[in-house]
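Below are some notes for a colleague who wants to go through this structure point by point. They begin with charges and rings, and then turn to a helix and a sheet.

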Amino acid sequence: MKKLLTAFIFFLSLSLSAQEKENSAMLQPGTNLSPILEQETNEISFAQAAEANTIAHRTFTNLTDIYNGYYIIAGVFNKNQEKAAKKYKKKGYNSGYILNPENRLNYLYIDYQSDWKESITKVTSKFNGKFKDEVWIMEVENSKPAMQNPTKEDFITNNSSEKSISENLTSKNIDGTPNKSKLIQRADYYFNKMWYAEAADLYEIALKKNEKNYSYDVLQKAGDSHYFNTDMEKAYHWYNILYEKYEKEMSADNIFKYAHSLKGTGKYARSKRLMRLYNRKLKREDLSPINNTEKATPNEIVLDNILGTSKKFEVKNLSVNSEYSEFSPMFHDDNRVVYASAKDSSFFNTRRYKWNDQPYLDLYVAKINEESQELKDAIKFSKKVNTKYHEAAVTFAPDNRTMYFTRNNYGKKLKRDKKGVNHLKIYQSKKVDGEWTEATELPFNSDNYSTGHPALSPDGKELYFVSDMPGSIGETDIFMVDVREDGSFSEPRNLGPEINTERREMFPFINDKKLYFSSDGHTGLGGLDVYEVSFEEEEGFLDVVNLGQPINSNKDDFSYIIDEETQKGYFASNRDGGKGDDDIYAFKNLVLEEVPANVNAIAGVVTELITGDFMPKALVELLDENNIKLKEVITGDDGSFIFEDLEATTKYVIKTTKGTYFDDLQEVTTKENDTISVDVSLRKLKEMIAVEDGIKKLKTEMIHFDFDRSYIREDAAVELDKLVEVMTEYPNMVIKIESHTDSRGKRAYNKYLSDKRAKSSRDYIISKGIAAERIESAIGYGEERLMNECDGTVRCTEQKHYLNRRSEFIIVKM
């Protein structure tokens, strides 16, 4: 099947031929008709008459063996044209169809006239009121002379047959071999324009006619043409031949696509071996033969786990799906879904996108049947949003008054970059007085790369999207911007290598709990798989997890949305058994996730710092951020404690005290439904008493001061509090305080500054209840006793100067 999925989501660009540009200029037939035929028609051309009567028309000069004249066209088909022609024949019309060899589309006509005035008359009168549907007129020139007085027998349904097209393209050389140059050049022309449906057909003809065409380039492009249209069976066929004939020449990209086509056909064992080769190619490692006895790689273990498990989801195909593509559903209001579709719902949607030979995408809105999850009463979305090119992938602000969606880079006409590429852009529309306004593009779009697949966070403050902009890790990455209160946007930020791979990430959807997206770069079942990733306020995104079967299959699975409360949602897939190329599926979790009991807790063990022994009967208090005690416990024989039923993502303080040990304070933040572990090690007071160079000192952590300052910093206060505890435990202890500066500044000033620091330390200790007479002196020595070489004669770092700004506590007596 020809997949519209790849036409839009791969973020490759659109190139329209001159003929398609002509298509885009067609006028819609109107109801106010001018009496043009009553004028002197000798002075008026067919085109002028058609335009005056608002009749759509086109002129073809590339058709062979087709009678010149004027054909009234009722539809354009890529299949089922014979059935449609027979239907109109039964109604009495001279119907048939014409195959255009350039785009391989069949134009169904219901009438032929050699005189344009007759055709104009029939269209304006709607065949005397008998034909209600819209039609247009095809003018054929430079072919067979026009028929005179044609009868029904003159009309045939295959004016240009499939066989004749093939024969023309595969004309013979003198030696009887196929003239592959013309055929393959035409296929290459289509391939380079990204008309993969046409290219695939021509490569198939060339390769099946003659194995002499089995060159590396042709086999690769044949596989790629089917791969880009997600026909994995045919892609595998040609990649397999490419591998057999040109294994050593195959690039890492060739190997990756081959491995994915193997997954897409269910050949997982061989796909594993090819992915090993792919990884070696990327790392430029030894490419010696790979065997199945090698130790399984982490990715292979993950894949086996995915294949070995299946979650209890109910998945069903929806009645809203057509033979074309439906995908990218998004919740809208309380009971509606907006989605993208290529269904051929009106005359002008028969314009075809050349990538996959399907009509262009429009947005539709449908109501949700809450019981069955079916989407019903689908209608086209606002005319201010839908255009004649692609629209898809929509997201809505929380108030449903702003929407973002993806569209071709399109103003009055398609815009292209220097290479002629038309990219995708994100557009914004506002709802005013109940109507959506003309869309405007977002400021971080560009004519030189694509942006699309927008997804708003539940509060509307973050917009996630997909792009191949500079700074991308892979082919397409997920980015995000902040949506400011004034409606402006921050600079785009890449979500990083934990989310994005060297391949494709796309279709993000985010709610209060998780980010969902599709990727073919993470380990999966084949094609695009759907992944989920939880996130936390402090740690950000956690591990990426494959949703597994039955949400994922060996084909493309994407555009996943879910209501976390009901565990119901929708996604799109081109898996086997669908109605069209890409179908929307509804799903519901048959086993709702049980909301676990509140397990927000803090637990720990108290030990002695030096010996590591458990500390039973220690008092552990739980304080809030304002140091108000909430709970307290006594540790058990194993030194353990636990505080349960706490608030999630909340800061607490754990205070531990015991006898002749220093108090221990630790800040801890709880997590949602998780237990945070805390290790507490208590140090005895007497361990602060040390002897250095024969002098007893109180060993605190270094008491430091900021440059040119003498106030007590918070970290210094913590250490001074420990000193106070020791002096309280030893009531006869007397100390003296010595303070020092670094060498910067004038010597006299440094002496003065250090003296102020010493006295600041003394005053702090006294304020905590220590008698003043127990501090024999508090003296500043300035820069007289430096700890290093930083005396002003050598260049020193700030860190080295910092070591010299200190206070020391000398024990005079115990």
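1. A charge is taken to sit over a ring if NZ of Lys or CZ of Arg is within 6 Å of the ring centre and within 35 degrees of the ring normal. In this model, which is predicted, Arg 503 lies over the face of Phe 256, at 3.7 Å from the ring centre. Another such case is Arg 407, whose charged end sits over the ring of Tyr 427, 4.9 Å from the centre of that ring.

2. Aromatic pairs number 43 in the structure. One of them joins Tyr 93 and Phe 131, whose ring centres are 5.5 Å apart and whose planes stand at 85°, so that the pair counts as edge-to-face, the cut-off for that class being over 60 degrees. Because Tyr 93 lies in the loop between α4 (81-90) and β3 (96-99), and Phe 131 in the loop between α6 (126-129) and β5 (136-140), the pair ties together parts that are 38 residues apart in sequence. Tyr 93 counts as buried at 13% relative accessibility, and Phe 131 is buried with a relative accessible area of 6%.

3. Helix α10 (residues 216-228) has 13 residues, which at 1.5 Å a residue should span 18 Å, and its end C-alpha atoms are 18 Å apart, in agreement with that expectation. Just after α10, Thr 230 takes a positive phi of about 55°.

4. An open sheet of three strands has the order β32-β29-β35, with mixed pairing. Its edge strands are β32 (640-643) and β35, each of which pairs on one side only, and the twist from one strand to the next averages 20°.

5. Within that sheet, β29 (residues 601-608) and β35 run parallel and are joined by eight bridges. Thr 607 has Ser 681 of β35 as its bridge partner, while Glu 608 stands opposite Leu 682 in β35. Which residues of β35 (residues 675-682) form its covered face, and which its uncovered one? The covered face consists of Ile 676, Val 678, Val 680 and Leu 682, whereas Thr 675, Ser 677, Asp 679 and Ser 681 make up the uncovered face.

Notes. Residues are numbered from 1 along each chain as its sequence is written. This is a predicted model: local features need pLDDT of at least 70, side-chain atom pairs count only at pLDDT 80 or more; totals for chains, interfaces and linings use all residues. Side-chain values use heavy atoms; hydrogens and water are left out. Helices (H or I, at least four residues) and strands (E, at least two) are DSSP runs, numbered from the N terminus. The expected span of a helix is 1.5 Å times one less than its number of residues. Buried means under 20% relative accessible area, exposed over 50%, partly exposed in between (1.4 Å probe, protein chains only). Two strands pair if DSSP finds at least two bridges between them. Rings of Phe, Tyr and Trp (its six-membered ring) pair if their centres lie within 6.5 Å; planes under 30 degrees apart count as stacked, over 60 as edge-to-face and the rest as tilted. Axes are lines fitted to C-alpha atoms, for helices over the stretch in contact, and angles run from 0 to 180 degrees between N-to-C directions.
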